[in-house]
Amino acid sequence: MTRWITYAGPAGQDRAGIVLDGIVHGLEDGLSLRGLLEEGGAAALAAAAEAAAQAPVETVPYDDAVIRPLLRPPALRDAMCFNEHIRNCRPGELDPRHSRYPYFWFGNPAAILGARDDVRIFPESEKFDYELEIGAVIGTEGENLSPEEAEAAIVGYTVFCDWSARDLQRERLVAIKGKDGATTLGPVMVTKDEIEHRRAGKGFDLAMSVTRNGEVFTTGNWSSIDWSFGDIVSYVSRGTRIVPGDVIGSGTVGWGCLLEHAVSAPDTFPGWLKPGDRVELEVELIGRLQHRITEPVPWHPLSSGF
């Protein structure tokens with residue numbers, strides 16, 4: 001299985017590599033996952049992976065590696081494609097527009113975290129949340145793609161966590177300050193050919209789970225998605241261009257965030273994330289994110305006083 005990673009080299013620099021049998025095989029300095037994708041997409045990745053496997057510049061046990069953000073994409077988009085999640089958050093009849101379009105919004109590439117980084121609660125938030133998702137990484141430039149062409153443009157998948165301040169998301173004129181403080185991509189990108197044998201429904205038969213402070217809090221499956229990534233990427237490319245290195249999130253799997261529990265089962269809701277909490281988000285065959293939640297930074301009042 002080809003599993004791409006970005007980790008800290010001996011001088012602290014970002015270094016791209018592949019993970020083989022629990023060992024990170026590093027590439028030479030100057031090569032990055034995004035750079036390889038821009039250079040030649042899947043073919044460039046395959047050649048670099050072979051070089052890393054045969055003659056790595058270094059090897060590091062995966063458990064000892066300092067994992068860095070997988071990549072900083074040219075554009076980061078996040079969709080909403082698991083209808084179970086939408087129904088849990090918004091009880092009642094599903095807005096028919098969700099059956100016509102795979103809704104998405106733009107994220108913040110500068111706020112991407114590594115798979116083991118601490119996550120700061122967003123300033124002002126008292127309702128901080130995780131969202132367990134899949135991220136598709138684009139390997140081929142294209143415009144106005146058909147779903148079949150869009151599927152072919154995907155080079156691999158990663159675990160995607162859209163950290164969310166639910167109070168800020170709902171009370172501001174637009175939701176973005178509840179979303180733009182942190183997104184996790186990682187710990188690796190698995191090339192799509194390596195999971196093809198698990199294709200099921202509009203996704204893949206891969207288990208998804210979240211634990212909070214050691215307690216299993218979410219179980220789901222990618223195959224329950226209501227829009228395929230071919231559909232999602234096709235819609236994203238409608239009238240515009242996608243480029244190598246772009247990342248597009250699936251949206252949250254059913255029961256994949258605290259908000260669903262707060263809305264659907266308020267009597268047993270255990271509360272929002274707080275400093276000291278440890279959250280682990282995992283997708284079968286791809287990997288696990290491991291995060292400690294920390295205090296927010298101070299926020300500065302504006303001229304209005306807020």
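Reader: How many cavities of 30 Å³ or more does the count come to?
Author: The count comes to one cavity of 30 Å³ or more. Here a cavity is a set of points, on a 1 Å grid over the protein atoms alone, where a 1.4 Å probe fits but cannot get out, whereas a pocket is an open set with protein on both sides within 12 Å along at least five of seven lines. Grid points are joined across faces, edges and corners, and a volume is the space filled by probe spheres set on the points. This is a predicted model, in which local features need pLDDT of at least 70 and side-chain atom pairs count only at pLDDT 80 or more, while totals for chains, interfaces and linings use all residues. Residues are numbered from 1 along each chain as its sequence is written, and side-chain values use heavy atoms, with hydrogens and water left out.

Reader: Okay, and how much space lies in the largest cavity, and which residues line it?
Author: About 50 Å³ of space lies in the largest cavity. Its lining is made up of E151, Y157, R199, K202, G203, F204, W222, S228 and F229, where a lining residue is one that has an atom within 4 Å of a point. Sorted by class, this lining has four nonpolar, two polar and three charged residues; Ala, Val, Leu, Ile, Met, Phe, Trp, Tyr, Cys and Pro count as nonpolar, Asp, Glu, Lys and Arg as charged, and the others, Gly among them, as polar.

Reader: F229 is on that list. How many residues of α5 are buried?
Author: Six of the eight residues of α5 are buried, so this helix is mostly covered, with buried meaning under 20% relative accessible area, exposed over 50%, and partly exposed in between (1.4 Å probe, protein chains only). The buried residues in α5 are F229, G230, I232, V233, S234 and V236. Helices (H or I, at least four residues) and strands (E, at least two) are DSSP runs, numbered from the N terminus.

Reader: What about the pockets: what volume does the largest pocket have?
Author: The largest pocket has a volume of about 590 Å³. It is lined by 27 residues, of which M80, R90, H98, Y103 and Q169 are the closest to its centre. The elements that give two or more residues to that lining are β5 (76-79), α2 (83-89) and α4 (166-171). By class, the lining of the largest pocket has 12 nonpolar, five polar and 10 charged residues.

Reader: And which residues are closest to the centre of the second largest pocket?
Author: In the second largest pocket, which holds about 350 Å³ of space, the closest to the centre are R120, F122, P123, G181 and V297, out of 15 lining residues. That lining divides into eight nonpolar, one polar and six charged residues.

Reader: Switching topic, how many aromatic pairs are there?
Author: The structure holds 11 aromatic pairs. Rings of Phe, Tyr and Trp (its six-membered ring) pair if their centres lie within 6.5 Å, and planes under 30 degrees apart count as stacked, over 60 as edge-to-face and the rest as tilted. One of the pairs is F104 with Y235, which is edge-to-face at 6.1 Å centre to centre, with 80 degrees between the planes.

Reader: Which parts does the pair of F104 and Y235 tie together?
Author: F104 lies in strand β6 (residues 104-106) and Y235 in helix α5 (residues 229-236), so the pair ties together parts that are 131 residues apart in sequence. F104 counts as partly exposed at 23% relative accessibility, and Y235 counts as partly exposed at 25%. Ring pairs also link Y101, F104, F106 and Y235 into a cluster.

Reader: Which peptide bond is cis?
Author: The peptide bond from G186 to P187 is cis, with omega near -5 degrees, and P187 is found in strand β14 (residues 183-191).

Reader: What about D21, is it buried or exposed?
Author: D21 counts as exposed, because its relative accessibility is 83%. D21 sits in the loop between β2 and β3 (23-26), and its phi is near 50 degrees, a positive value in a residue other than glycine.
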